[in-house]
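Here's a quick tour for anyone meeting this protein for the first time. Have a look at the picture, then read on.

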Amino acid sequence: MAVMEAAFDPAFGEAWNRRQVADALAMPSTHALVVDAEGLVIPDGPARAAPAGFVLTRHVLDEEELLLIAVTPGARLRGVGTALIAHLFDAARTRGITRIFLEMRRGNPAIQLYRKFGFEPIGERRNYYRMANGERIDAITFARTI
């Protein structure tokens, strides 16, 4: 939750609360990966390093959706996001996943990371997200076959 609180700008309302995360993780099809500032996966149990980023996903059959990805501001532009996506692809392949989807708000700078990994836009939801100030922003859906 510390990574979530540090990573997401409150103006966009993208962060989940503790209850939302706990409810998602209670489902057997939901997966989380947490990494340190070096991009190394922190295993379950007591952490030896401070978390710097995470991904939260859920899968159905051979498809997986990237629900959240977050990197603390101090760990950005140091390869942590790249490591998270690479770890996600590896873990998804072990689950038999062949396609990964994600949705993001238009203008999200994470698009550079997604494009780097070959995600392509496949759909759009006009005025889907509502910012804290009431402004509406489009959602763009991306997909990548792995």
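Which residue in strand 2 is the bridge partner of Val34?

## Starting with one pair

It's Phe54 that partners Val34 across the bridge. Keep in mind that this is a predicted model. Strand 1 and strand 2 (residues 53-60) are joined by 6 bridges, and the two run antiparallel.

Zooming out, 6 strands make up an open sheet with mixed pairing, and their order is 1-2-3-4-6-5. Strand 1 (30-35) and strand 5 (120-130) sit at the edges with a single partner strand each, so one side of each has no neighbour in the sheet. Going from one strand to the next, the twist averages 25°.

Then there's helix 3 (residues 80-94), which packs on the sheet. This helix touches strand 1, strand 2, strand 3 (63-71), strand 4 (99-105) and strand 6 (136-145). The direction of helix 3 makes about 155° with that of strand 3.

In total, the protein has 4 helices and 6 strands. Starting at the N terminus, the elements go α-α-β-β-β-α-β-α-β-β. The radius of gyration is 15 Å, close to the 15 Å from the globule rule for 146 residues, so the protein is as compact as a globular protein of that length. Its C-alpha atoms fill a box of roughly 40 × 30 × 30 Å along the principal axes.

Of the 146 residues, 39% count as buried. The accessible surface is about 8400 Å², with 54% of that belonging to carbon and sulfur atoms. As for contacts between residues at least 6 apart in sequence, 55% link residues at least 24 apart.

Notes
Residues are numbered from 1 along each chain as its sequence is written. This is a predicted model: local features need pLDDT of at least 70, side-chain atom pairs count only at pLDDT 80 or more; totals for chains, interfaces and linings use all residues. Side-chain values use heavy atoms; hydrogens and water are left out. Two strands pair if DSSP finds at least two bridges between them. Axes are lines fitted to C-alpha atoms, for helices over the stretch in contact, and angles run from 0 to 180 degrees between N-to-C directions. Contact means heavy atoms within 4.5 Å. The radius of gyration is taken over C-alpha atoms; the globule rule is 2.2 Å times the number of residues to the power 0.38. Buried means under 20% relative accessible area, exposed over 50%, partly exposed in between (1.4 Å probe, protein chains only). Accessible areas come from the Shrake-Rupley method with a 1.4 Å probe; for residues, only the protein chains shown count as cover.
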